[in-house]
Amino acid sequence: MNKVLARLLVFFVGLPLVIALIYFNQYHHIALHLLAFAGSLLGANELYKLFSAKFSLQSRPLVLIATVAPVFVCALVAFFEQNVSFIDYSFIFMVLLCMAFEVLSAKNFENSVSHLLTSTFTILYCGYLVSFITRMTIHEHSREFIAFFVLMVCMCDSVAWFFGVLLGKNNKGFIKASPNKSIAGFIGGFAGTMATGAAAHYLFPEVFTGSLLKILILSFFIAFVAIIGDLLESVIKRSVEIKDSGSIVPGRGGVLDSLDSLLFVAPVYYFGVNFLF
């Protein structure tokens, strides 16, 4: 019961605070950039701990610095109104830096593949994917796009959880990565996301332009990708035999337990918005 109350508290208090932070558009969303930087750093540290249970890793400071670099560069790009390609360049540079570090510093090479793969995945997952969230700050309608990005993903997760608790007792176990997930929960996730997308269309027709069908198609794909993102982290945790990535978020676990779907959805939403709207 305490976990349920904590989860409800995060939804009814934490989510409105995040939305308010998004609408606090000062100095090119500096508050949101700081939040993204902190999430990237904490998430990378949690992922490092998960990987350390099974793999040999490169230096923690190296991996953490390389991970947050694309998020930091994204903030500079937004503040100085530069080309977003610099974010992609920073990601590639940091991956190459970790490769060069391995070549120049390794005393033996039995763990080199492990070092390179875990570092690259951490930079991609906790750094580069986070940058797609902060890239949205550059858009003309940044507040609306970012707010509904967060709302769509959160509604997918929350309505899926509610449907799962209410209707999912007898239809669980068909996904091995997360046996507690139910068919009813997945249906609820799609319903919650698409309802939020429809609300965005009617509340902000000047932002989410065109027919309702466009936002519903985007919402459908967002729900699908959000579910995959959630399951991916379950796969990682099961692989290293750890239940939660951390304990910093009440009722949810670690930072990665809260960001998993957001990270996976961010590039899909970013490209979808730019293509459709």
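Let's start on the surface. Tyr-27, Ile-30, Leu-34, Phe-72, Leu-76, Phe-79 and Phe-80 form a nonpolar patch there, with about 760 Å² of accessible area together. Two elements give two or more residues to this patch: α2, residues 30–52, and α3, residues 60–80. Helix α3 gives the most, with 4 residues. Phe-80 is found in that helix, α3.

Now the ground rules. This is a predicted model, where local features need pLDDT of at least 70, side-chain atom pairs count only at pLDDT 80 or more, and totals for chains, interfaces and linings use all residues. Residues are numbered from 1 along each chain as its sequence is written, and side-chain values use heavy atoms, with hydrogens and water left out.

A few terms. A patch takes residues with over 30% relative accessible area and no salt bridge; like charges are joined within 9 Å, and nonpolar side chains (Val, Leu, Ile, Met, Phe, Trp, Tyr) within 5 Å. Accessible areas come from the Shrake-Rupley method with a 1.4 Å probe, and for residues only the protein chains shown count as cover. Helices are DSSP runs of H or I, at least four residues, numbered from the N terminus.

Next, the backbone. Glu-81 is found in the loop between α3 and α4, the latter being residues 85–105. Glu-81 is exposed, with a relative accessible area of 63%. Here exposed means over 50% relative accessible area, buried means under 20%, and partly exposed is in between (1.4 Å probe, protein chains only).

Glu-241 is another such case. Phi of Glu-241 is near 60 degrees, a positive value in a residue other than glycine. Glu-241 sits in the loop between α8 (212–240) and α9 (255–276). Glu-241 is exposed too, with a relative accessible area of 65%.

Keep Glu-241 in mind. What does Lys-54 form with Glu-241? A salt bridge, with the closest N and O atoms 4.0 Å apart. Lys-54 lies in the loop between α2 and α3 and Glu-241 in the loop between α8 and α9, so the pair ties together parts that are 187 residues apart in sequence. Lys-54 counts as partly exposed, at 44% relative accessibility. The rule for a salt bridge is a side-chain nitrogen of Lys or Arg within 4 Å of a carboxyl oxygen of Asp or Glu.

How many salt bridges does the structure hold? The structure holds 4. Let me show two more.

One joins the side chains of Asp-88 and Arg-135, at 2.8 Å, N to O. Asp-88 lies in helix α4 and Arg-135 in helix α5, so this pair ties together parts that are 47 residues apart in sequence. Asp-88 is partly exposed, with a relative accessible area of 22%. Arg-135 counts as buried, at 5% relative accessibility.

The other joins the side chains of Lys-181 and Asp-230, at 3.1 Å, N to O. This pair links distant parts of the chain: Lys-181 in the loop between α6 (142–167) and α7 (183–203), and Asp-230 in helix α8, 49 residues apart. Lys-181 is partly exposed, with a relative accessible area of 26%. Asp-230 counts as buried, at 16% relative accessibility.

Now inside. The structure holds 1 cavity of 30 Å³ or more. A cavity is a set of points, on a 1 Å grid over the protein atoms alone, where a 1.4 Å probe fits but cannot get out; lining residues have an atom within 4 Å of a point. How much space lies in the largest cavity? About 40 Å³. A volume here is the space filled by probe spheres set on the points, and grid points are joined across faces, edges and corners.

Which residues line the largest cavity? They are Tyr-48, Phe-51, Leu-57, Gln-58, Val-63, Thr-118, Ser-119 and Thr-122. Helices α2 and α5 (112–135) each supply at least two residues of that lining. Helix α5 gives the most, with 3 residues. By class, the lining has 4 nonpolar, 4 polar and no charged residues. Ala, Val, Leu, Ile, Met, Phe, Trp, Tyr, Cys and Pro count as nonpolar, Asp, Glu, Lys and Arg as charged, and the others, Gly among them, as polar.

Last stop: Cys-154, in helix α6. Cys-154 is partly exposed, with a relative accessible area of 22%. Cys-154 and Gly-254 are 100 residues apart in sequence and 16 Å apart in space, C-alpha to C-alpha.

Notes:
1 Å grid on protein atoms, 1.4 Å probe; cavity = no way out; pocket = protein on both sides within 12 Å on 5 of 7 lines; lining within 4 Å.
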